[in-house]
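Here is a short report for a first look. Keep the sequence and the 3D view side by side as you read.

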Amino acid sequence: MGKHLSAAQLAELKSLLEQRKAEIEGRIHEVRDGQSRVDHARDIIETRGSVERQHSSDREVDLALSDMGAVDLARVNAALERIDNGTYGECDECGCDIPFARLQIEPQTQHCVTCKSRWERETAAVPNARM
């Protein structure tokens, strides 16, 4: 594990991750619950073209938000697993210790600033690339 992290720092970061996990799960539940209500209402009332297009557009936005939440949730869960297996706080690319200040800002990160910056420069021209 990033031996640069004290037990207190690790506990703080784990708490941040658990809070983010609860927030993301709550948002995903809200989106899915809201979509269920929209689908149910659509079954009950007769829709016309423009209303149906609006519902379809709303549904696409909700699904995109749900997908983004699922990706964020996977990153948070992976960070919690890294805490458990002792590799949390190490950059996946170069193996260096990720500074505590960076982990406080983005506790689910897997990369140091240098590697993340390099990746962003390299993928700037490649849409939808993720690290």
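What share of contacts in the chain between residues at least 6 apart in sequence join residues at least 24 apart? The share is 63%, with contact meaning heavy atoms within 4.5 Å.

## Ground rules

This is a predicted model, in which local features need pLDDT of at least 70, side-chain atom pairs count only at pLDDT 80 or more, and totals for chains, interfaces and linings use all residues. Residues are numbered from 1 along each chain as its sequence is written, and side-chain values use heavy atoms, with hydrogens and water left out.

## Overall layout

The chain holds four helices and zero strands. Its pattern along the sequence is α-α-α-α. Helices (H or I, at least four residues) and strands (E, at least two) are DSSP runs, numbered from the N terminus.

Of the 131 residues in the chain, 31% are buried. Buried means under 20% relative accessible area, exposed over 50%, and partly exposed in between (1.4 Å probe, protein chains only). The accessible surface of the chain is about 8,500 Å². Carbon and sulfur atoms account for 51% of that surface. These areas come from the Shrake-Rupley method with a 1.4 Å probe; for residues, only the protein chains shown count as cover.

## The nonpolar core

The largest nonpolar core has 18 residues. Such a core is a set of buried Ala, Val, Leu, Ile, Met, Phe, Trp, Tyr and Cys residues joined through side-chain atoms within 4.5 Å. Leu5, Leu13, Leu17, Ile83, Tyr88 and Leu103 have the most contacts inside it. Helices H1 (7-44), H2 (49-85) and H3 (100-105) each supply at least two residues of this core.

Leucine 13 touches Leu5, Tyr88, Phe100, Leu103, Gln104 and Pro107, setting aside residues up to four places away in sequence.

## Glutamate 106

Glutamate 106 sits in the loop between H3 and H4. Beyond its neighbours within four places in sequence, glutamate 106 contacts Arg20 and Arg75. Its side chain makes a polar contact with the side chain of arginine 75 at 3.0 Å. A polar contact is a pair of N or O atoms within 3.5 Å; within protein, one must be able to donate a hydrogen and the other to accept it, and residues adjacent in sequence count only if both atoms are side-chain atoms.

## Cysteines

The whole structure has zero disulfides, a disulfide being a pair of cysteine sulfur atoms within 2.5 Å. The sulfur of cysteine 94 has its closest cysteine sulfur in cysteine 96, at 3.2 Å, so it is too far for a bond. Cysteine 112 is buried, because its relative accessibility is 7%.
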